[in-house]
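Please look over the model shown below before reading on. The report after it takes up a pocket, a helix and a few single residues in turn.

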Amino acid sequence: MSFSVSGPKILFRIDLGFVQIPITQTTLSSFVVMVLLMIACILCGRNLKKRPGKRQVIVEKLVTMLYNMVEDTMGAHNMRFAPYMGVLFLSSLFGSLIGTTGFFRSSTADLSTTATWAIMTMLIVWYSNIREQGFFGWLKSFTDPFPVMTPLNIISEFATPVSMSLRLFANILSGTMMMALIYGLLPKLATLAWPAALHAYMDVFSGALQAYVFAMLTMVFIANAAGDEAK
């Protein structure tokens, strides 16, 4: 398995005449994860029966766990966000795990990926705030508790997606870089069995933990913006 501490490489470019779209390792990894998740959803959702088999029982249990977590964190009136939270968690989880294949780069090790998710989350937060308070009520909230706090409130509003994206990106990238340094400095480790424990922690455990943290932060921010009751 090879590792690199460099950024994502451009594999090729799509020439549209007026613009060229670069396809990077991150783009390829994200597309592969998206296709695999779509195939998994189709396979898991087909041929459902009233008397479920083992596969259906496992799928229903996982979906129930997701909806229970969303209800406990965001409230029953915000259950409409459960599919988004599930996709966000799975995309983050498998976007990190795909780097263990040795063929693909972890999509979450690219700031553009985590920043996009954080921006999407903040757009939902802003929409929920406007839906709850009204547009002018939302603007007025930046002056609370005192008008002099307005600049700090604005900075805090934009600092949230920045911190969310950097948290996930930095944790995944640091694990990738540490493994690259270990294998680069001690190449003979590749022939030993014990580095598997490092991969289990750096890639699997850390990837799952950071995906969970990112999803939980997203739920908390949206729940705070959506208010106590759905309108």
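What follows is a short report on a predicted model, arranged by topic.

## The largest pocket

The largest pocket holds about 1200 Å³ of space, and its lining is made up of 35 residues, of which Cys41, Leu66, Gly86, Val87 and Leu90 lie nearest the centre. Two or more lining residues come from each of α1, α2, α3 (82–97), α4 (111–133) and α7 (195–226), and α3 contributes the most, with 11 residues.

In its composition the lining divides into 27 nonpolar residues, 7 polar residues and 1 charged residue.

## Helix α4

Helix α4, one of the elements that line the largest pocket, has 23 residues and reaches 32 Å from its first C-alpha to its last, which is close to the 33 Å expected at 1.5 Å a residue. Its buried residues are Thr113, Thr114, Trp117, Ala118, Thr121, Met122, Ile124, Val125, Trp126, Ser128 and Asn129. In an α-helix there are 3.6 residues a turn, so residues three or four places apart point the same way.

Just after α4, Gly134 takes a positive phi of about 85°.

## The loop between α1 and α2

Asn47 lies in the loop that runs between α1 (25–45) and α2 (54–74), and it has a positive phi of about 55° although it is not a glycine. Most residues other than glycine have a negative phi. With a relative accessibility of 56%, Asn47 counts as exposed, because the cut-off for that class is over 50%.

Which residues does Gln56 touch, not counting those up to four places away in sequence? They are Asn47, Leu48 and Lys49. Gln56 itself is found in helix α2, and its relative accessibility is 5%, so it counts as buried. The side chain of Gln56 also makes a polar contact with the side chain of Glu60, at 2.9 Å.

## Phe158 in helix α6

Phe158 lies in helix α6, which covers residues 150–185.

Phe158 and Ile119 are 39 residues apart in sequence, while their C-alpha atoms are 9.4 Å apart in space.

Note on methods:
Residues are numbered from 1 along each chain as its sequence is written. This is a predicted model: local features need pLDDT of at least 70, side-chain atom pairs count only at pLDDT 80 or more; totals for chains, interfaces and linings use all residues. Side-chain values use heavy atoms; hydrogens and water are left out. Helices (H or I, at least four residues) and strands (E, at least two) are DSSP runs, numbered from the N terminus. Buried means under 20% relative accessible area, exposed over 50%, partly exposed in between (1.4 Å probe, protein chains only). On a 1 Å grid over the protein atoms alone, a cavity is a set of points where a 1.4 Å probe fits but cannot get out, and a pocket is an open set with protein on both sides within 12 Å along at least five of seven lines; lining residues have an atom within 4 Å of a point. Grid points are joined across faces, edges and corners, and a volume is the space filled by probe spheres set on the points. Ala, Val, Leu, Ile, Met, Phe, Trp, Tyr, Cys and Pro count as nonpolar, Asp, Glu, Lys and Arg as charged, and the others, Gly among them, as polar. The expected span of a helix is 1.5 Å times one less than its number of residues. A polar contact is a pair of N or O atoms within 3.5 Å; within protein, one must be able to donate a hydrogen and the other to accept it, and residues adjacent in sequence count only if both atoms are side-chain atoms. Contact means heavy atoms within 4.5 Å.
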